[in-house]
Amino acid sequence: MPISTVGMVGIGQLGLPIATKLLNAGFRVVGYRRTDREAFVALGGVALNTPAEVAAQADFILTCLPSEAAQLEIMEGPAGLLATLTSRHTLVEMGTYDRDFKIGLEKRIQQTGAQVLESEVSGSPPMVAQSKAALLLGGSEELIQQCKTVLDAITPIQIHIGEFGSAVTMKLIANYLVTIHTLAAAEAMNLGIKAGYAPQKIFDVISQGAGASAMFSVRGPLMVSRHYTPAPGPFCTLEKYIHMSGDLAKNLGCATPLFSAAQPYFLRALKEGRGEQDIAAVLELIDADSKQNPVRTENYAY
């Protein structure tokens, strides 16, 4: 049966642009969030009062929660999903949690008769809006095909990683690089500014050359303007990935020369109270650590 209604539990910073893509593709989207539902409703979504109500109206449900605690809150209890799911339901789990937690969650969902697919989102909310984010999928090929029309509405970039639980590890590797690449972009931007180039000139040139990266493209404009809020990817969101990625590398015994250099800057930003700023604001820390007004012997920018 074609999917006409999609349920969304979690319509926050990442869930809202996903819901927007689904609405634009013609799906009826019903959703649950405890607070701040106005933006979702303004887009045409139908806000419901409990996760159970979402399951009652939608056989196909996306869950997009920021933490394990939030995930358990919407799954458990008389108005939660676990008490409502049946064999007619398919869940797409889009949150990033510990692998063992996810596998335990999979088993509990399957005990209801429902199917569940892992779908890690690799990309910022603006990248989701531009259809440039990737979905890293964990589950059977058959289940992926059953979910195809909904996944296609979110992004054409879909990569089957392996069985359920495998996608989260790949997501951590991707965010490991986000940390490194963002610091590298800030370091290069700061170098160009100190050499006397206008920030916009630096961005225009680097983004077209061999030194470009996805993070330079996304974070570069924020570094140019030095406007870090509202944040497409704040430090407070990246915090759990920094710890989880670091733990992964440590558990695997990997050398981490670049990550080890980058990680302290992001943790320092959090300690400085920059949690709600976009991670592009790491430029401010690089600037602060640089010599101010050095005595120049040459004019580097002409």
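The structure is a predicted model, in which local features need pLDDT of at least 70 and side-chain atom pairs count only at pLDDT 80 or more, while totals for chains, interfaces and linings use all residues. Residues are numbered from 1 along each chain as its sequence is written, and side-chain values use heavy atoms, with hydrogens and water left out.

Q158 belongs to strand β8, helices (H or I, at least four residues) and strands (E, at least two) being DSSP runs numbered from the N terminus. When residues up to four places away in sequence are not counted, Q158 touches L135, L137, K148, L151 and D152, contact meaning heavy atoms within 4.5 Å.

Strand β8 is part of an open sheet of eight strands, which follow the order β3-β2-β1-β4-β5-β6-β7-β8 with mixed pairing; two strands pair if DSSP finds at least two bridges between them. Helix α1 (residues 15-24) lies across β1 (5-9), β2 (28-32), β4 (60-63) and β6, and runs at about 175° to β1. For such values, axes are lines fitted to C-alpha atoms, for helices over the stretch in contact, and angles run from 0 to 180 degrees between N-to-C directions.

Among the helices, α9 (residues 166-194) packs with α12 at an angle of about 110°, their axes lying 9 Å apart. The two helices α9 and α12 are therefore roughly perpendicular to each other, a term that covers angles of 65 to 115 degrees. To this contact α9 contributes T169, K171, L172, I173, N175, Y176, V178 and T179, and α12 contributes L238, Y241, I242, M244, S245, L248 and A249.

In α11, the buried residues (under 20% relative accessible area, with a 1.4 Å probe and protein chains only) are M215, F216, R219, G220, L222 and M223. These buried residues of α11 pack against α9, α10 (199-206) and α14 (282-289).

Just after α11, R226 takes a positive phi of about 55°, although R226 is not a glycine. R226 is found in the loop between α11 and α12 and, with a relative accessible area of 31%, is partly exposed, that is, between the buried limit of 20% and the exposed limit of 50%. P230 also occurs in the loop between α11 (214-225) and α12 (235-251), and a cis peptide bond, with omega of about -5°, joins T229 and P230. In the loop between α6 (125-129) and β7 (134-138) lies S131, a residue other than glycine whose phi is positive, near 60°. S131 counts as partly exposed, at 25% relative accessibility.

Definitions and conventions:
Parallel < 35°, antiparallel > 145°, perpendicular 65-115°, else oblique.
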